[in-house]
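Trainee: I am new to this structure and would like to learn how its features are read. Could we begin with the terms and then take each case in turn?

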Amino acid sequence: MSHETLQVIVVEGRNLKDKDTFGQNDAYIELYLDKNYKQRTSTIKDTNSPVWNETFNFNLLKGQDHLHIQVYDEDVVGKDSIGAAKISLKKIQQAGGKLDEWIKLPAHLGLGSNGEIHLILRLS
């Protein structure tokens, strides 16, 4: 892959599935190309439509071909998974190096949705 850097802007989420019995999610996102190097957003408290507007940069290494996204609800003890997705870096390349889209968080077995995350991705 000729590109060296992936910039990810985590804009916002919408319709995130409630994981708490009381109140709404305290949502944050972990992003990674390599499980040994994860970056995460801040936690947005008590909403199922969080707005982050946070920017992350990843240096691409040979063999890294997907950006992994994991969305969590932060709890006093531990965390609950709201959903996960992955984006092919080839898809960003095919879009001319920039992709601005809502990424669905599929529910169990792909039936239904646990919400969506709005990301802007740039390869440079």
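Mentor: Contact means that heavy atoms lie within 4.5 Å. This is a predicted model, in which local features need pLDDT of at least 70, side-chain atom pairs count only at pLDDT 80 or more, and totals for chains, interfaces and linings use all residues. Residues are numbered from 1 along each chain as its sequence is written, and side-chain values use heavy atoms, with hydrogens and water left out.

Trainee: Which residues is Leu-67 in contact with, leaving aside its neighbours within four places in sequence?

Mentor: Leu-67 is in contact with Leu-6, Val-8, Leu-31, Tyr-32, Leu-33 and Phe-58, and also with Ala-85, Lys-86, Ile-87, Leu-89 and Leu-121.

Trainee: How many residues does the largest nonpolar core have?

Mentor: In soluble globular proteins, nonpolar side chains tend to be buried together. A nonpolar core is a set of buried Ala, Val, Leu, Ile, Met, Phe, Trp, Tyr and Cys residues joined through side-chain atoms within 4.5 Å. Buried stands for under 20% relative accessible area, exposed for over 50%, and partly exposed for values in between (1.4 Å probe, protein chains only). Here the largest such core has 27 residues, and Leu-67 is among those with the most contacts inside it, together with Leu-6, Val-8, Leu-31, Ile-69, Leu-119 and Leu-121.

Trainee: Which helices and strands each supply at least two residues of this core?

Mentor: Helices (H or I, at least four residues) and strands (E, at least two) are DSSP runs, numbered from the N terminus. At least two core residues come from each of β1 (5–14), β2 (27–34), β4, β5 (66–74), β6 (79–88), α1 (89–94), β7 (98–106) and β8 (113–123).

Trainee: How many bridges join β2 to β5?

Mentor: Two strands pair if DSSP finds at least two bridges between them. Strands β2 and β5 run antiparallel and are joined by six bridges. Leu-31 has Ile-69 in β5 as its bridge partner, and both residues belong to the group with the most contacts inside the core. Strands β5 and β6, also antiparallel, are joined by nine bridges. Tyr-72 stands opposite Ser-81 in β6. A hairpin is formed by β5 and β6, with four residues between them, and Gly-78 in its turn has a positive phi of about 80°.

Trainee: Is Ala-27 buried or exposed?

Mentor: Ala-27, which lies in strand β2, is buried, with a relative accessible area of 0%. Not counting residues up to four places away in sequence, Ala-27 touches Leu-16, Ser-42, Thr-43, Ile-44, Pro-50, Trp-52, Tyr-72 and Ile-82. The C-alpha atoms of Ala-27 and Lys-38 are separated by 16 Å, and these residues are eleven apart along the chain.

Trainee: How many salt bridges does a search of the whole structure find?

Mentor: A salt bridge is a side-chain nitrogen of Lys or Arg within 4 Å of a carboxyl oxygen of Asp or Glu. The search finds seven salt bridges. In one of them, the side chains of Glu-116 and Arg-14 meet at 2.6 Å, N to O. Glu-116 lies in strand β8 and Arg-14 in strand β1, so this pair ties together parts that are 102 residues apart in sequence. Glu-116 also meets Lys-104 in a salt bridge, at 3.1 Å, N to O. This second pair links strand β8, which holds Glu-116, with strand β7, which holds Lys-104, twelve residues apart.

Trainee: Are Glu-116 and Lys-104 buried or exposed?

Mentor: Glu-116 counts as buried at 12% relative accessibility, whereas Lys-104 counts as exposed at 55%. Arg-14, at 31%, counts as partly exposed. In another salt bridge, Glu-30 and Lys-38 meet at 3.6 Å, N to O. Glu-30 is buried, with a relative accessible area of 11%, and Lys-38 is partly exposed at 38%.

Trainee: How many aromatic pairs does the structure hold?

Mentor: Rings of Phe, Tyr and Trp (its six-membered ring) pair if their centres lie within 6.5 Å; planes under 30 degrees apart count as stacked, over 60 as edge-to-face and the rest as tilted. The structure holds two aromatic pairs. In the pair of Tyr-37 and Phe-58, the ring centres are 6.5 Å apart and the planes stand at 80°, so the pair is edge-to-face. Tyr-37 lies in strand β3 (residues 37–40) and Phe-58 in strand β4 (residues 51–59), so the pair ties together parts that are 21 residues apart in sequence. Tyr-37 is partly exposed, with a relative accessible area of 49%, whereas Phe-58 is buried at 2%. Phe-58 is also one of the residues in contact with Leu-67.
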